[in-house]
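Subject: Structure handover and notes

Hello,

Here is the structure you will be working with. Please open it next to this message and follow along; my notes come after it.

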Amino acid sequence: MTLSPTFIDFSAVPPRTVNASVEAHGAGDAGNHWVIGAGGGVRIGFSGDAQADEVTLKIRALVSKLGPVVGFAPLDVLVNGQVVIERFRIPGGGDLPQTMTFVVPGDWLLGDNTLEVRSAEDSRSMLWLYDVLLESVWDRDAAERAMLADGAREAAFTYDTQHSDGPQWDWEPGPRLRLWIDSGQDALPGELTWRGADGSEGAVAFAREMGTFLGHVRTADGRWSQFRGDLAERTARPAGPAWRFTTAVSWDGTWHGAGELGVNVDTGGAPIERLGWRDQRGNLASIGLAGDGASFLGFTQRVDEGPIGYRGTLVRPAPEVDVKAGPLVDVRVDETPRDDGSRPWSSPLRIQAPHQGPVVSITAVRLDDGRALMVTGSKDGVRRWDAVTGQAVGDPLTGAGWAWALTSTRLTDDRVLIVGGFSDGTIRRWDAETGRQVGTPPPRTGWVRSLTTLRLPDGRTLIVSGSDDGTVCRWDATTGQAVGEPLIGPAASALSVAAVEAGDDRAVIVGGFGDGTIFRWDAETGEPTGEPLTGHTGPVWSLAAGDGLVVSGGADGTVRRWDVVAGRAVGEPPAGRPGAVRSVTMVALPEGRELIVSGTEGGTVCRWDAATGEIVGEPLTGHTAPVRALATVVLDDGRTVLTSGSDDGTVRRWDAETGEPVGASLAGHNEMVTSLAMAEGRPLVVSGSVDRTVRRWDALTGEAVGEPLAGHTDGVRAVATVALDDGRTLVVGGAADHTVRRWDAETGDPVGEPLTGHTGIVMSLTTARLSDGRALIVSGAGDHTIRRWDAETGAPVGEPLTGHGGTVRSLVTVPAADGRTLIISTADDKTFRRWDAETGSPVGEPLPSHGTTAPVAAGVCDGRTLLVSGAGDNTIRRWDALTGEPAGEPLTGHTRSVTSVAVVRLGTGRTVVLSAAADATVRRWDAATGAPVGEPLVGHTPAILSVVAGETAGGGALVVGGSGDRSIVV
């Protein structure tokens, strides 16, 4: 495996990291950098196995002028104890940070690695550290790109400003400057220029860390002054109103769709009419805004490319909600469980989060076997789901970019097709049952925003698409070939399309555009039908066809009904404005009544009587972000189920008639699963993730249990469960926010206040029972300490356990033969330590581990307490927990670092060791003999980060693995 891009950005507080953790000694935060004193340093943990290729290491630092000898702070750099450079003198004399590039031999990497950056003991100046990056030599600048992209996640800035135009450089307070530009480049701004409608103008350049800027401004009456600012606030989204434009770029004399541009720039003066920027990657753009702000025209230029034309049309104000993706749950069962609820080793139950972003499109189909499917689209493609159970059906459907539009149709040969429109301008067709792609995609258009299908009198089925390039096109659904010329509309994005029968064997295609107009064409000839329909005062985002009606939803917050044959509005817009309407659909209820259903920018779903325009029932709530997609399907029991997809990443199902939810919302972890635990005596799996949540799952069915357990403000690194005397079971989570939290496993309610005391990331958790019956929570952290807590009250038990010289990575508790309960810990100092759980006293001497982090587990085998560990040398070792003596030979078989181990006792009395590794396998071993048990268990594709096991009601055992692909396999 190649090293994934790794970085630590010390300009952020706390430092931003990917694939890395940081510890410091004799060093600390100093705003936009860290300061390292003489003899101090930082210790960086990162993951990456040995490889044939070299690794590039980049360190950006300077030696300050603050000290008795200017610029003297020799630098030492070590990887896994091996010297990369010693006593390196950084040039520059303290004026500007210098980027130094070093080579690390690939075979120095061990799986879990340590990089040390140290200032020499005899240093006489401070060493200022800005960032550290690691990447494969073949993946040039990948770490820097990843760091810039990560920083761009929080790209809304507010600055306190000052200006000075006097000879003495007297600085006076100025208006706040607010800035947010999202051009899809995943990079922070480097320079900004603007001109106001009153003739005022300005230009500023930002510090790389975005903490300050410096530039100049000119007032409307021609006075120039220096202009500077200090960062006051940094957020993911702008606090005030912002605007999004659909954009296109021009080359070879034609315009091509180019995604969206989000803008919020407030200089505290007149409205801006011209704006220019260069990002930190070197991409630049300059645009001139129309007087009403509804469009722009300008140019853009990417790094190492020439300038090209750039234009945009206003789509909507940018959402004020910070969109967080929360994908569906993919539950696959390959074989029927046994009678006792257990499942064969060869038949994994997979719980996965397949979508990595907002759900932006939905359609529904019914297969020949009677099954009803939901089909969903997001930025990572298209998935199929059973509409009743919510379980995934088959593999993802192939595509590229955002699957922004979906529809379905049945061909004359009775095949059911799913049709998807993508942001790369392609339209793809798949067989709904097999998931196989049908034919080759037709020629590209602009970003495909909408799709529909219709049947012509001659029996042909047409696909109709609307795109960002302003065209509405027709395609033969069977052959994929274009039918006729594109349909002519206004010079604006075609955001929505629908088709309706007009009588006399005619069909009418209807298109909704970014300028608020609705156009109509004869479906067969392509000729316009009457004048454009007007009434919306903003973009028409969605259209739906019903019995003789077309319904439109727009950015102006209205839902309108139209007789498209007569070319007139039907009645007034339905009463009430729930907010900008992102999606609409029509629902035919069993008694013959039709409903209009709309999804709003605020996340609600509303129903209206199609005939009267009256609202039906209360808004359906649950989504926390815009509802972009709606679809309906009729189940075998006669119910019509409405499905909604949202920018919050979830899919919800509702009874269309009653508005009652149907099943739970479908959502899962949207970042890697870092930790797993199982509840004692029940098939409950608990998972922790970098997405800051803890989730509960039924281990036998794969179904989510309740809502996610929230509260942590940074990634969850460890989870555990503990049974209390009153019968309750608690779920425990430890996170990068330095806290330990507790929840009731049954209700999901928080229990007590967060447990605080650690000053580093909580990396490990375990539980124990004291002699007085109290349940104990034990936590280990990046501050090198172990803490004990009363599980019920949350009160600390004794003093922190100290002795380790690095992050405490793994904890386990075991009963000793003398009746004591032992805590076993491993840390980055490559030692095992044993502690009396009751007194906190060390037991025996530290034992050397065989790896940097050495995940550890323990169990009883043949009357002896065994300690089991795995590490970066791909082996698993067994030890006598009391004496520290090795128990047998190392267990070999894994081809990558061992990332997690567990011990389980089967109903037969046999004790089995489980090991998970970066080779994406789980292996089983006889704890007594060390012999392999069966074949390796597979189911993940990337490295498995955690493994746990538990007993089933029938005496079998469940093995659960969690992975970097955000999935859980049982």
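Two residues are in contact when heavy atoms of theirs lie within 4.5 Å. With neighbours up to four places away in sequence left out, E594 touches G546, D547, M586, V587, A588, W608, D609 and A610.

Some background before the rest. The model is predicted, so to speak of a local feature a pLDDT of at least 70 is needed, side-chain atom pairs count only at pLDDT 80 or more, and totals for chains, interfaces and linings use all residues. Residues are numbered from 1 along each chain as its sequence is written, and side-chain values use heavy atoms, with hydrogens and water left out.

The sheet around E594

E594 lies in strand β42, which covers residues 594–600. Strands here are DSSP runs of type E with at least two residues, numbered from the N terminus.

Four strands form an open sheet in the order β41-β42-β43-β44, with antiparallel pairing. Two strands pair if DSSP finds at least two bridges between them. At the edges are β41 (581–588) and β44 (615–620), each pairing on one side only. On average, neighbouring strands of this sheet are turned by 15° against each other, direction ignored. Such angles are taken between axes, which are lines fitted to C-alpha atoms, and run from 0 to 180 degrees between N-to-C directions. Strand β43 (residues 605–609) is joined to β44 by three bridges, and W608 stands opposite I615 in β44.

L543

L543 belongs to strand β37 (residues 540–545). It has 9% relative accessibility and therefore counts as buried. Beyond four places in sequence, the contacts of L543 include V510, I518, V550 and V584. L543 and V584 are 41 residues apart along the chain, and their C-alpha atoms are separated by 6.3 Å.

Two further strand pairings

A second open sheet has three strands in the order β51-β52-β53, paired antiparallel. Its edge strands, β51 (716–723) and β53 (740–744), each have a single partner strand, so one side of each is left without a neighbour in the sheet. The twist averages 25° from one strand to the next. Five bridges join β52 (residues 729–735) to β53, where D744 is the residue opposite L730.

Strand β66 (residues 922–926) is largely enclosed by the rest of the structure, because four of its five residues are buried. It pairs with β65 (residues 911–917) in the antiparallel sense over five bridges. R923 in β66 is the bridge partner of S915.

Positive phi values

R87 is not a glycine, but has a positive phi of about 50°. R87 is in strand β7 (residues 82–88) and is partly exposed, with a relative accessible area of 44%. H784 is also other than glycine, and its phi is near 75°. H784 sits in the loop between β55 (775–781) and β56 (786–790), and at 25% relative accessibility it counts as partly exposed.

Regards

Notes. Buried < 20%, exposed > 50% of the residue type's maximum accessible area, 1.4 Å probe, protein only.
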